[in-house]
Amino acid sequence: MKKFLEDIKKDIKFKSAGPGKKLTEEASAKAEAAQSSSSAKHNRYVPSEGSQRAGAAALARIEQHPRPKVHTSQDAIRNQVKRELEAAALTDKEKADAAEGSKVPVIDPACLSVSGVYFTCPLTGATLTKREREVHIKEAILMRFEEDAVEASVMMVHTFNKDREKVKAAVDIISKYIENICKNPTEEKYRKIKLSNKVYQEKVRCVEGSREFLEALDFTSIMLPVEGQEEEEEFLVLLEYSPDALELMKERRDRMQRGEPVRAQLDRQPQAFRASPNAQRFELPPEFYNLTAEELKKEQQQRSEIVDKNAMMRTKAMREKEEQRERRKYNYTLLRIRLPDGSLLQGTFYAWDRLPVLFAFVRESLVDGWQPFELIAPGGQKLKESEEVALAECNLVPAVLLTFAWDAAVQADIAAAGGKSPALLKPELLETIRTLS
């Protein structure tokens, strides 16, 4: 390959005018001959040479194997992942030091209502803590280069970069590159991207995964002479532009435009419990609170003042403002639903999850989830499945016991017809039923 690229450079001739630079027919012929040397190159279902290079480079980040000798962003990505791992380790130490310094009482894990907040990686199915999820997903995406470099680079662009405006700008520029090539496939100037170009530097290079995507489209890194300069510069050059290749490029552009960030999904940890007088007792781990250890200590001190504070005359606006502040303290909420037979169903939710999410969770846990039912909050408030209201806005944070009730009219019809009361929880939940401590 190295010799082939050197031959390409020797065969490239530029017109004196500058803008009309073109690959000579001889150079193009060599390029096409090299590209067609493997029949797999033309099979869209087999990773191309560009895809294999992108995959090898991505895997090198994790495995720290020698990378292909091309100018890419691999070093920056590897260093970033390393920094994230080190930062995560440092965060753990800081949390431990903070907990020790604040002297917040440490709760015995055996007494916790739930061991923690966990997430599921949609790519691997692995169960992760909040600290592990981001690094794990990045590694899973990088490992995916071996199977599909296009899909992996699309995930990389939309997941590794937090600034959505920058991602959109980069995707728009890349889409423009592809559009120009498809409209003018024989124009060599559209099939070359000068990496020192201002637009590329400011809009594309800064977005992780953009280079990998272009390489997965079969752009090849080539050092080419530039008129008026002694030193050569790096270009990404598309050597193959057959009709089939152009159609495939359009399809891959569409995949990039439709791309979405890969996010770990909250593991609701559904758990059934036997009837218990301790149903309203909750001991939550620190992850449920949007507070530091020091803030938790202060929160405990303030609880002793609640009775006095409630005795004060406050306006409705003052109470609502204070309630909003209280709700913002929580990231997650632990909800228990007491069923008609006294047994309990427990699940973890985001504080901003909406009521339809809660009702869907309950339905999925029931044998006859199709039947209408009600959920009643403390104080007798009936929750409405159709209302798009956040759990926090319903004061269902940080932990609440709800009451489940079948629709009375439907149950009366079933009884009149001689039917039996429906079964409650699904067998898989009953197999792991526990007793509250």
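Which residues is phenylalanine 288 in contact with, leaving aside its neighbours within four places in sequence? The first legend answers this.

**Figure 1. Phenylalanine 288 and its contacts.** The model shown here and in the other views is predicted. Leaving aside neighbours within four places in sequence, phenylalanine 288 is in contact with Val114, Val117, Lys329, Tyr330, Asn331, Tyr332, Thr333, Leu334, Thr348 and Pro398. Phe288 also belongs to the largest nonpolar core, which has 54 residues. Together with Ile193, Tyr200, Phe213, Leu214 and Phe219, Phe288 touches the most other members of that core. Helices H5 (130-143), H6 (149-160), H7 (164-183), H8 (198-204), H9 (210-216) and H10 (243-258) each give two or more residues to this core. A second, separate core has 26 residues, including Ala272, Leu335, Leu424 and Leu425.

**Figure 2. The whole chain.** The secondary structure comes to 16 helices and 12 strands. Of the 437 residues, 42% count as buried. The accessible surface is about 24500 Å². Carbon and sulfur atoms account for 51% of that surface. Take the contacts with a separation of 6 or more: residues 24 or more positions apart account for 70% of them.

**Figure 3. The open sheet E3-E5-E4.** This sheet has 3 strands, and the pairing is antiparallel. Strand E3 (192-194) and strand E4 (219-224) stand at the edges. Each has a single partner strand, so one side of each is left without a neighbour in the sheet. The twist averages 30° from one strand to the next. E4 and E5 are paired over 6 bridges. Methionine 223 stands opposite glutamate 234 in E5.

**Figure 4. Glutamate 188 in its loop.** Is glutamate 188 buried or exposed? This residue lies in the loop between H7 and E3. Buried means under 20% relative accessible area. Glutamate 188 has 4% relative accessibility, so it counts as buried. Its side chain makes a polar contact of 3.1 Å with the side chain of lysine 192.

**Figure 5. The open sheet E2-E1-E6.** Here, too, is an open sheet of 3 strands with antiparallel pairing. Strand E2 (127-129) and strand E6 (265-267) stand at the edges. Strand E1 (residues 118-120) and E6 pair over 3 bridges. Phenylalanine 119 stands opposite leucine 266 in E6. Helix H5 lies across E1 and E2, and runs at about 120° to E2.

**Figure 6. Strand E9, buried on both faces.** In strand E9 (residues 344-350), 7 of the 7 residues are buried, so the strand is largely enclosed by the rest of the structure. In a regular strand, side chains alternate between the two faces of the sheet. One side of E9 holds Leu344, Gln346, Thr348 and Tyr350. The other holds Leu345, Gly347 and Phe349. E9 pairs with strand E7 (residues 271-273) in the antiparallel sense over 3 bridges. Phenylalanine 273 has leucine 344 in E9 as its bridge partner. E8 and E9 also run antiparallel, joined by 7 bridges. Leucine 334 stands opposite threonine 348 in E9. The hairpin of E8 and E9 has 5 residues between the strands. In this hairpin, glycine 342 takes a positive phi near 95°.

**Figure 7. Strand E10, covered on one face.** Which residues of strand E10 (residues 373-376) are on the covered face? They are Phe373 and Leu375, while Glu374 and Ile376 form the uncovered face. E10 is joined to strand E12 (residues 399-406) by 4 bridges, and the two run antiparallel. Leucine 375 has phenylalanine 404 in E12 as its bridge partner. E10 is also joined to strand E11 (residues 382-383), by 2 antiparallel bridges. Isoleucine 376 has lysine 382 in E11 as its bridge partner. E10 and E11 form a hairpin with 5 residues between them. Glycine 379 in the turn has a positive phi of about 90°.

Figure 8. Aspartate 407 caps the N-terminal end of helix H15 (residues 408-416). One of its side-chain oxygens lies 3.2 Å from the backbone nitrogen of alanine 409. Glycine 418 follows H15, with a positive phi near 80°.

Conventions: Residues are numbered from 1 along each chain as its sequence is written. Side-chain values use heavy atoms; hydrogens and water are left out. A nonpolar core is a set of buried Ala, Val, Leu, Ile, Met, Phe, Trp, Tyr and Cys residues joined through side-chain atoms within 4.5 Å. Buried means under 20% relative accessible area, exposed over 50%, partly exposed in between (1.4 Å probe, protein chains only). Contact means heavy atoms within 4.5 Å. A polar contact is a pair of N or O atoms within 3.5 Å; within protein, one must be able to donate a hydrogen and the other to accept it, and residues adjacent in sequence count only if both atoms are side-chain atoms. Two strands pair if DSSP finds at least two bridges between them. Axes are lines fitted to C-alpha atoms, for helices over the stretch in contact, and angles run from 0 to 180 degrees between N-to-C directions. Accessible areas come from the Shrake-Rupley method with a 1.4 Å probe; for residues, only the protein chains shown count as cover.
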